[in-house]
Amino acid sequence: MKVHFETERLLIRPLEPSDAEAAFRWCGDPRVNTYMIYPLYHRVEDVRAWLEGRDADDPDNYDEGIVLKATGELIGSGGMRYHRERNAWEIGYNLRADQWGHGYTGEYLTALMDVIRRSRPIEAIDGIFAAENSKSRRVMEKLGMVWVRDTGYEKLDHSETFAAKYYRRNLPQPAELCDICGRIEQTRAGRNPYFVRELETGWVVLGDHQRFEGYTLLLCREHATELSQLAPDFRAAFLRDMALTAEAVESVFRPDKLNYELLGTGRARHMHWHIYPRREGDTPKPGPVWQVPDLNDDRWRPSAEKLAEMREALGQELDRLCGK
Ligand SMILES: [Zn+2]
């Protein structure tokens with residue numbers, strides 16, 4: 001996409017074929033190229049050919065020129081590209097070597113995220129960098145990204161392969177986009193009467209409608225859609241918290257069986273566990289709870305007194321299981 005905007009120290013604008021000479025100062029610099037997948041450029045004409053041949057209007061790709069306001073010089077390029085299969089924006093950039101170490105990349109990418117968000121949501125940002133490239137690691141850490149897994153990549157011409165790190169940041173969505181984030185905000189502000197306990201990876205809340213007595217949810221602290229989007233340690237802790245919540249529900253509400261379901265809500269699909277205590281003959285025909293037509297009927301809202309009682313019992317049991 002072609003965008004124009006300013007940050008404190010930078011002017012962001014589309015790259016043009018006439019930028020070839022300026023761009024050659026990083027495209028042709030072995031220091032900048034060390035960890036890049038594209039081969040080193042040896043001629044300005046080849047940079048111009050690249051600039052002429054690229055699709056600058058791709059709505060899933062923001063690859064812009066970075067101009068230093070103080071001097072008017074084009075000092076680098078890059079941006080973010082959307083990857084549909086992982087619903088994430090991957091960051092990428094090149095900066096002239098004499099401009100490293102001033103935080104320009106972070107300044108640009110932070111502002112770019114705001115620009116993209118005006119037209120579409122950003123649920124996650126991703127970055128892959130060579131394990132030995134500590135400069136890129138610092139850029140990603142400053143953007144709030146954390147290690148997800150080790151990986152590797154190869155230069156396009158197969159001349160070299162690198163051990164690499166895959167970093168990610170899942171971004172909370174504005175409450176109007178995500179019911180669950182909205183509910184979490186309400187809980188944090190002490191305005192959710194269904195709130196039971198805060199665990200390491202999320203919030204335990206009772207369901208609004210108690211057609212199945214003891215119906216409880218665990219809202220994931222991260223605005224993520226799938227378990228695969230969570231960092232391994234966090235994911236393991238999230239699953240542990242789910243098992244713990246289920247155990248507390250089981251011992252307080254004494255069902256014949258628990259149903260566990262990890263669902264998302266609305267467009268934002270913020271995952272959350274539904275834990276439904278099930279009892280013999282509790283649905284018109286055997287099967288999941290969703291067949292019940294009045295599942296969310298207001299007559300299943302517990303009274304304030306009943307709610308307080310359930311909250312108390314479940315909270316105490318969670319405390320006991322957590323060793324508190
Ligand atoms: Zn959310």
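## Helix 1 against helix 3

In this predicted model, Ala20, Glu21, Ala23, Phe24 and Cys27 of helix 1 meet Val44, Val47, Arg48 and Leu51 of helix 3. Helix 1 covers residues 20–27 and helix 3 covers residues 44–53, and the two pack with their axes 9 Å apart at an angle of about 110°. Because angles from 65 to 115 degrees count as roughly perpendicular, helix 1 is described as roughly perpendicular to helix 3.

Sorted by class, the contact between helix 1 and helix 3 consists of seven nonpolar and two charged residues, with no polar residue taking part.

## Helix 7 against helix 8

On the side of helix 7, the contact is made by Leu244, Glu247, Ala248, Val249, Ser251 and Val252, while helix 8 contributes Ala313, Leu314, Glu317, Leu318 and Leu321. In terms of class, eight nonpolar residues, one polar residue and two charged residues make up this contact of helix 7 with helix 8.

The protein is divided into domain 1, spanning residues 5–170, and domain 2, spanning residues 179–321. Taken over C-alpha atoms, the centres of domain 1 and domain 2 are separated by 41 Å. The contact between them involves seven residues of domain 1 and six residues of domain 2.

Within domain 1, strand 7 (residues 146–154) gives the most to the side that touches domain 2, supplying three residues. By class, that side of domain 1 has four nonpolar residues, two polar residues and one charged residue.

## Gly78 in strand 4

Gly78 is placed in strand 4, which runs over residues 73–83. With residues up to four places away in sequence left out of the count, Gly78 touches Asp63, Gly92, Tyr93 and Asn94. Gly78 has 19 other C-beta atoms within 10 Å and is therefore partly exposed, since a residue is called buried if 20 or more such atoms lie within that distance.

His158 has phi near 60°, a positive value in a residue other than glycine. The loop that holds His158 lies between strand 7 and strand 8, the latter covering residues 161–170. His158 counts as exposed because it has 7 C-beta neighbours inside 10 Å.

Arg254, too, is a residue other than glycine with a positive phi, in this case near 50°. Arg254 is found in the loop between helix 7 and strand 12, and strand 12 covers residues 257–263. With 11 other C-beta atoms within 10 Å, Arg254 is exposed, because the class takes in residues with 12 or fewer.

Note on methods:
Residues numbered from 1 in each chain as written. Predicted model: local features only at pLDDT ≥ 70, side-chain atom pairs only at ≥ 80, totals over all residues. Helix = DSSP H or I, 4+ residues; strand = E, 2+ residues; numbered from the N terminus. Contact = placed C-beta atoms within 7 Å. Domains from an automatic or database assignment. Nonpolar A, V, L, I, M, F, W, Y, C, P; charged D, E, K, R; others polar. Axes fitted to C-alpha atoms, helices over the stretch in contact; angles between N-to-C directions. Parallel < 35°, antiparallel > 145°, perpendicular 65-115°, else oblique.
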